[in-house]
Amino acid sequence: MKRPEIHPISLPRVPHYEVTKAANGTPLYTLHNSTQGVVRVSFVFRAGTSYQTVPFSASTVVNTLSEGTQNLSGEQIAEGLDFVGSYYDANIDRDWSVVTFCSLGKFIDPTLDIAEEVILRPSFPEREIASYCAKRKEQLHIQRSKPEQLSRELFGKSLFGENHPYGITSSEEAYDDLTPELLREFYQAHYNAANAFAVISGDFGPEVEERVKAILAALPEGKEASREIPPLESVPFAKESLEGAVQSSVKIGIPLFSRTHPDFIPLQVLATAMGGYFGSRLMQNLREEHGYTYGAYAAMINLDQSGYFVMSAEVAAEHTDEAIAEFFNELERIASKPIGEEELEIVRKIIVGDVMRIFDGPFGAADVTIENIQNGERNNYTEHFMERVRTITPAELLAVAERHLQKNRCTVTIIGA
Amino acid sequence: MINYKEHLLSNGLRVLANEDECSAMAAVNLLYQVGSRDESSERTGFAHLFEHLIFRGTKSVPDFDGPVQEVCGENNAFTTADYTNFYITTPKDNFETALWLEADRMMGLDITPEKLSLEKSVVIEEFNQRFLNRPYGEQWHTLRSMVYTRHPYRWPVIGITPDHIRDASLEDVKDFYERFYNPSNAILSVSAALPAERIFEAAERYFGSLPAGRANTHSQESIIEPAITSPRRHTIESNVPADQITIAFLMEPRGERGYYLCDLLTDLLAGGESARIYQHLVRQRQIFSAANAYITGESGQGMLILTGQITPGTSVEEAEEALYGELELLVKEPVGDYELRKVQNKFEANITFGELNVMNKAMNLGYYSMLGDMSLLNGEIELYRSITAEEIADYIRRNLNRNQSATLIYRSKR
């Protein structure tokens, strides 16, 4: 059978939001998509883990917002959301926390009743906090018997430094020292107008917008959160053994910079070529040629005050050394020979396809918007991003790779055999 | 609510089309009615190994991924006990590339000894990563072998042991391919902002000339797993971080009323933060640091699972009592209308949230077509709405007691 002709692919249309401000200046971004009868509201705060001075306080605050408020118990909150089938999610990374409510359009009112309580009036009740901490302490203990968790932690502290806010890990016992008082302090410093914005997406009318705006307007003013980001203290190599491991979890990283740096997009393209899709170099080499692993990946990670290039795989224990050698062979290859035009064209298509898939469905545009706003950009950044990817040349990529992807700047971490 | 049209090719390929309203993407889903239940007990894990192999190229398309990537597409696959599912998403104008690729590999697969040997090592690493190199990793192997004595559900999709994967021969590969990978045994479903007629016409063009082959009737379908009649228990002492208890009950096949009762029942127990197990046993009594209840969802006799990781200082016996206590409570005080409505609302919302992109819609179409009753596609919510508190109490009384259970306990040596 003859291969079908390839129809030209038009770049995805990036939805543009409207922005308004609540009375206290907190921005609200709205994205309308009226086809599916669902609404999502996300509240975003400059309240990630790198802002905490007490271990686990940032994540505990966001995770216990729904454990009880001035007017509702944790049970009532859970009950109220579950009754209308609304979906609640509290998420945190190193720089931001995001609290999301998602509901059928017809149930947005009761959902926002609860959102208002959770965002504005959490009470961090003593008993619930103690129960949460005990549970999380135990769960962290369980997580820390898993190679992927150990690997993530070892990599973070080896890349940034043991005491760096982006790399620090704390003992499970630190949960014992958390008090409602400490949580309230963190909440007050970060969950305020100076550190917040919100995004509504999906199928909604002006009354929803007004209600969300009223919630934002009730946030106290506050002042913009800041924290000290010390210089990195990377180590070149770290290894921890895990009894009985049949695989090694390998991560190789290079500390670099955030998305605002002009080389960031070229590095995203390089990371995609290296390990961002099934046909990528690492996947072909480590999985398809050698069978060392089920999957090998690479990515360029963006943080507010930093960023890094990372490659990773879980490899057969007996092939750990060979696998690491292949990682470095690929790193050297990408930094010494220009990418062929054909390969680059595939990488471009992978990236465009990924963006198109994000925009399939009513909420992808909200995620893209949140990320752009967090980085101080507007949604035309995504257009700029795609244009940059479309026009970048092998020579430019090689120059960037030569500049940044050097073996002697790598941090290698291994958990396992 | 997923709208669809259906068309049958003369070689037996079922084609379903959902006309999406707005997406720029098309999703093409191809489901083969073959899963780990069709394996011999000496060659377990084979259906999954084969799913990997079918990406290894044909004579005319040696690199499957290349053409997908050239149209900004993405593809993947998964294997279950009952079926093997392949899907490709592309910008909608290029959906024919996906049809062409799937039709091509339904006939012309080209597996060499080298390709087979390489794929075996990849799958063995998957086995290691997901089942051996992690705490509690062997739990499903153990639990399934306790619950099932005859039915092929007694092994997990990955297989009983990596040795079975090592032993797979090129002969096995050819037999399996001929037996199961043909139009009569497949369901093609497409969701895209395209007219159904256009999708059917293209399906005819790419698949119409393939020889029909035979539909798989799941030779093991006649195997009925006998009921559990006395408690089955097994304890593993190992280097796990916390004690854990998992209680399994044998269920009725999908489509039967008991299936929906169990699904709804586990949602009462663990469907969301407000559900009983979480509120009573995790939050209030702090018996578990994490606990769950769910059904495994096979189309045949699957399992209803109650499980939890036990907090330090709580005994396994107390934890077990507490789980049964929740079941007994539903018998003693049948669940009220409010709570029943809550889980029914949740089903409705989850169904809506699950239909937000073309891929989920195409996948659902294929799955419900495989079940053989398309009325379930949009009709299951009514089934859930018809369930009563008395029915649930009655079901628990008859089916969910210690005599009908298999219990797997992990004791931590820490």
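Me: Looking at α9(A) and α10(A), which hand does their crossing have?
Reply: The crossing of α9(A) and α10(A) is right-handed. Bear in mind that this is a predicted model.

Me: OK, and at what angle do those two helices pack?
Reply: Helix α9 (residues 281-289) of chain A packs against helix α10 (residues 320-334) of chain A at about 150°, and their axes are 10 Å apart. Angles over 145 degrees count as roughly antiparallel, so that's the label for α9(A) and α10(A).

Me: Which residues make the contact?
Reply: From α9(A) you have Arg281(A), Leu282(A), Asn285(A) and Leu286(A). From α10(A) come Ala323(A), Glu326(A), Phe327(A), Glu330(A), Arg333(A) and Ile334(A).

Me: How do the residues of that contact divide into nonpolar, polar and charged?
Reply: For α9(A) with α10(A), there are 5 nonpolar, 1 polar and 4 charged residues.

Me: Still in chain A, how do α8(A) and α13(A) cross?
Reply: Helix α8 (residues 264-275) and helix α13 (residues 380-391) of chain A cross at roughly 60°, with axes that come within 10 Å. They are therefore oblique to each other, and the crossing is right-handed.

Me: Which residues of α8(A) and α13(A) meet there?
Reply: On the α8(A) side, Ile265(A), Pro266(A), Gln268(A) and Val269(A). They meet Tyr381(A), His384(A), Phe385(A), Arg388(A) and Val389(A) of α13(A). By class, that contact has 6 nonpolar, 2 polar and 1 charged residues.

Me: Switching to chain B, what about α9(B) and α14(B), at what angle do they pack?
Reply: About 70°, with the axes of α9 (residues 257-270) and α14 (residues 375-385) of chain B 10 Å apart. That makes α9(B) and α14(B) roughly perpendicular to each other. Their crossing is right-handed. Arg257(B), Tyr260(B), Asp263(B) and Leu264(B) of α9(B) meet Leu376(B), Glu380(B), Leu383(B) and Tyr384(B) of α14(B). The classes come out as 5 nonpolar, no polar and 3 charged residues.

Me: New topic: how many residues of α5(B) are buried?
Reply: 7 of the 9 residues in helix α5 (residues 139-147) of chain B are buried, so the helix is mostly covered.

Me: Which ones are buried, and what covers them?
Reply: The buried residues of α5(B) are Gln139(B), His141(B), Thr142(B), Leu143(B), Arg144(B), Met146(B) and Val147(B). What covers them includes α4 (113-132), β7 (232-238), β8 (244-250), β10 (303-310) and β11 (405-412) of chain B.

Me: And the loop between α4 and α5 of chain B, what is phi of Tyr136(B) there?
Reply: Tyr136(B) lies in that loop, and its phi is near 60°, a positive value in a residue other than glycine. Most residues other than glycine have a negative phi. Tyr136(B) has a relative accessible area of 4%, so it is buried.

Me: What about Cys72(B), where does that one lie?
Reply: Cys72(B) is in the loop between α2 (65-70) and β4 (74-79) of chain B. Phi of Cys72(B) is near 60° too, again a positive value in a residue other than glycine. At 2% relative accessibility, Cys72(B) counts as buried.

Me: Last one, Thr64(A): buried or exposed?
Reply: Buried, because the relative accessible area of Thr64(A) is 0%. Thr64(A) sits in helix α1 (residues 57-64) of chain A.

Me: What does the side chain of Thr64(A) reach?
Reply: The backbone oxygen of Thr60(A), at 2.6 Å. Leaving out residues up to four places away in sequence, Thr64(A) touches Phe124(A), Ile129(A), Tyr132(A) and Leu183(A).

Methods:
Residues are numbered from 1 along each chain as its sequence is written. Chains are lettered from A and ligands numbered from 1 in the order in which they are written. This is a predicted model: local features need pLDDT of at least 70, side-chain atom pairs count only at pLDDT 80 or more; totals for chains, interfaces and linings use all residues. Side-chain values use heavy atoms; hydrogens and water are left out. Buried means under 20% relative accessible area, exposed over 50%, partly exposed in between (1.4 Å probe, protein chains only). Helices (H or I, at least four residues) and strands (E, at least two) are DSSP runs, numbered from the N terminus. Contact means heavy atoms within 4.5 Å. Axes are lines fitted to C-alpha atoms, for helices over the stretch in contact, and angles run from 0 to 180 degrees between N-to-C directions. Angles under 35 degrees count as roughly parallel, over 145 as roughly antiparallel, 65 to 115 as roughly perpendicular and the rest as oblique. A crossing is left-handed if the near helix is turned anticlockwise from the far one by less than a right angle, and right-handed if clockwise. Ala, Val, Leu, Ile, Met, Phe, Trp, Tyr, Cys and Pro count as nonpolar, Asp, Glu, Lys and Arg as charged, and the others, Gly among them, as polar. A polar contact is a pair of N or O atoms within 3.5 Å; within protein, one must be able to donate a hydrogen and the other to accept it, and residues adjacent in sequence count only if both atoms are side-chain atoms.
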